[in-house]
Amino acid sequence: MLARFTANIKFHNLATKADHILLAISGGADSVAMLDMFVKAGFKVAIAHVNFHLRGEDSNRDEAFVRQLAKKYGVDIYVKSFDTKSFAADNHISIEMAARDLRYAEFKRLMDIHGFNYTAVAHHIDDAVETFMLNLLRGTGIAGLTGMHEKNGRIIRPMLCFTRKEIEDYIKNNDLEYVTDVTNFETEFSRNKIRNCVVPYFEEINPSFRHNFADTFKYLRQVKEIYFEEIERQKANIICNEGNSVKINIKKLLQYPHREAFMFEILHTYGFNKNQVVQIEMSLEGLSGKVFISSSHKLVKDREYLIINKLSQQNNTSTLLIKKEEIDGGNFVWGDCKFKTEIITNSADINLKCNNTTAFFDLDNLHFPLEIRHWRSGDTIVPFGRKQPKKLSDIFIDSKLSVVQKEETAILCSGGEIIWAVGIRASNIGKVSPSTTHIFRITKIL
C-alpha cells in the first residue's frame, strides 16, 4: 500500500518531498494510516488536531492520543478546541456543517501562519461514495456527483485510492494503534445512516461496488468538464452584465431546450436553491415584477430579463438626512450611492442644465434637512418645466426603467416634496431663477 500511496501522490501531483504538509489527524484508523505512510515515505509533515468537544471525555481522549502520536513520530502538533454546538446554534447550521466549517477554517489559518503548502485529509473511497449518496439525497447538480477530488486548492486527499477495508488491513499489518469514534456506529447523522445501513446493501449486491464507483467518478468528472464548457458557451449568448446587474434574456432562455439544468447551474452560484430555481422557471412567462431572494442576491423577473443583483446593505425604509450646515463641500453615502454637495454663487457663465448625475436648486427655496430615500408607491413630482404633478411610477414607465432600476433610484426631498428623482427627472420646486443668489449643487458620484 505504501507504494500505491506514493504513486497516487505523484500521479495526481498532490505534493513533493520539498513541500511542508499539514496532516489532519483525528486519531481514527484512516488518519493514523495516512500519518504512518507520509512519515515512512519521507515527507515533511506536522499534525493538526481539532477538538470539537462533542463527545465528552472521548473528545479529550482523542486529543491526548494524537499528542502521543506526534511524540511517537517526532513531528510538530497544533491543537485547537471549539465549542461546536454554540457555533452551530449561532450560525443556524447543523452540527456536521459547523464542525466542517471550523475544521477547514483552522487548517487555512495554520497554513497561512506557518507556511504549510498543503493540508492532507484522510478521505478514502468509502467517504467519496457516502458523499455522492448524500448529494443525491439533498439534490445537486452534476458537480455534486463527481465524488471527492484528490486536490482542491491547498487541500489534498492522498488516500482516495484506498477503501476503508484496505486501510483497516494496513493498520492491522503494521500493528498501528488508533482510537474509535463510537458515534460512527450511530445513525443520528445522515452520513452514518448511509455508512451503516445503505452501503452494506450495495456490498451484498456487488462486493466491488466501491472501486466501480471510483471509476464512475472519473468518467463523471470528464462529463462535467464537457458539460460546463457548453454552459459557458450558452451563457455568452443568453447572459450579459450591465453595471452591477446580471441580466438573463428571457426570450432566449425560453428557446433553450434544457433550460432547467442551465438555470440551476447559473442561479445556484448566486445562492438560489433547487426549489427557487423551479419557481423562477415557472415565472418566466408570467407578469413582470416577481422577486426572489437568496442569502446573497435578489432576482427580479422583469419584462425581458431576469435581473440579478447583490443584496444591498440599504433597505427600503432607510433614509439619509442632509443638514444645511453640512452641504458646502459635503460628501454623503446612502447605500451604494455617493453624493457630493456644494454651494455656488449664481452667475451668467454657470451651466445649470441638470443631467443624470447633477442637479441645481435655489438654496433659499429649500427646506432642511433634505432627505434621500427610496421611491414609494404614490410618489409624485412636478417635473421641470411643468406645473402639474406626475406619478413617479408613470415617469419610470416612460423612461423604460426595469423593476430593479426603479427600486434602486434615489429620491431627493425638500420639506416632504420630491425635488429630484436622481438620474431621472428634476422638479420645478426649488428651481434656479435669474433672481437666485446661492445655488445648491448636488452630484451623484458614479
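First, some ground rules. This is a predicted model, in which local features need pLDDT of at least 70 and side-chain atom pairs count only at pLDDT 80 or more, while totals for chains, interfaces and linings use all residues. Residues are numbered from 1 along each chain as its sequence is written, and side-chain values use heavy atoms, with hydrogens and water left out.

Let's begin with the sheets. Strands of a sheet pair through backbone hydrogen bonds, in either a parallel or an antiparallel way. Here, two strands pair if DSSP finds at least two bridges between them. The strands themselves (E, at least two residues) and the helices (H or I, at least four residues) are DSSP runs, numbered from the N terminus.

If you want a spot to look at, find T119, which sits opposite I155 in strand 6.

Another open sheet has five strands, ordered 7-8-11-10-9, and its pairing is antiparallel. Strand 7 (239-242) and strand 9 (291-293) are at the edges with a single partner strand each, so one side of each has no neighbour in the sheet. On average, neighbouring strands of this sheet are turned by 20° against each other, direction ignored; the axes behind that angle are lines fitted to C-alpha atoms (for helices over the stretch in contact), and angles run from 0 to 180 degrees between N-to-C directions. Strand 7 pairs with strand 8 (residues 245-249) in the antiparallel sense over four bridges, and I239 has I248 in strand 8 as its bridge partner.

Now move along to strand 16 (residues 370-374). Four of its five residues are buried, where buried means under 20% relative accessible area, exposed means over 50%, and partly exposed is in between (1.4 Å probe, protein chains only). Strand 16 is joined to strand 12 (residues 320-322) by three bridges, and the two run antiparallel; within that pair, I322 stands opposite L370. Strand 16 also pairs with strand 19 (residues 410-414), again in the antiparallel sense, over four bridges. There, R373 has I411 of strand 19 as its bridge partner.

On to the charges. Side chains of opposite charge can pair when their charged atoms come close. A salt bridge here is a side-chain nitrogen of Lys or Arg within 4 Å of a carboxyl oxygen of Asp or Glu, and a search of the whole structure turns up 24 of them. Take E130 and R195, whose side chains meet at 3.1 Å, N to O. This pair links distant parts of the chain: E130 belongs to helix 6 (residues 125-138) and R195 to helix 8 (residues 190-205), 65 residues apart. Both ends are covered: E130 is buried at a relative accessible area of 1%, and R195 is buried at 16%. The two also belong to a network of salt bridges that links D126, D127, E130, R164, R195, E203 and R210.

Other pairs have a different setting. E242 forms a salt bridge with K247, the closest N and O atoms being 3.3 Å apart; E242 is partly exposed at 42% relative accessible area, whereas K247 counts as buried at 12%. For D398 and K390, the closest N and O atoms are 2.7 Å apart. D398 is partly exposed at 49%, and K390 is partly exposed at 22%.

Grid points are joined across faces, edges and corners, and a volume is the space filled by probe spheres set on the points. The count comes to one cavity of 30 Å³ or more, and the largest cavity holds about 40 Å³ of space. Its lining consists of I248, L253, F262, M263, I266, L267 and L306. Helix 11 (residues 259-267) gives the most to that lining, with four residues. By class, the lining has seven nonpolar, no polar and no charged residues; nonpolar covers Ala, Val, Leu, Ile, Met, Phe, Trp, Tyr, Cys and Pro, charged covers Asp, Glu, Lys and Arg, and the others, Gly among them, count as polar.

Last stop: D19 lies in the loop between helix 1 (2-11) and strand 1 (20-24). D19 is buried, with a relative accessible area of 13%. Its C-alpha atom is separated by 28 Å from that of D175, 156 residues apart along the chain.

Technical notes
On a 1 Å grid over the protein atoms alone, a cavity is a set of points where a 1.4 Å probe fits but cannot get out, and a pocket is an open set with protein on both sides within 12 Å along at least five of seven lines; lining residues have an atom within 4 Å of a point.
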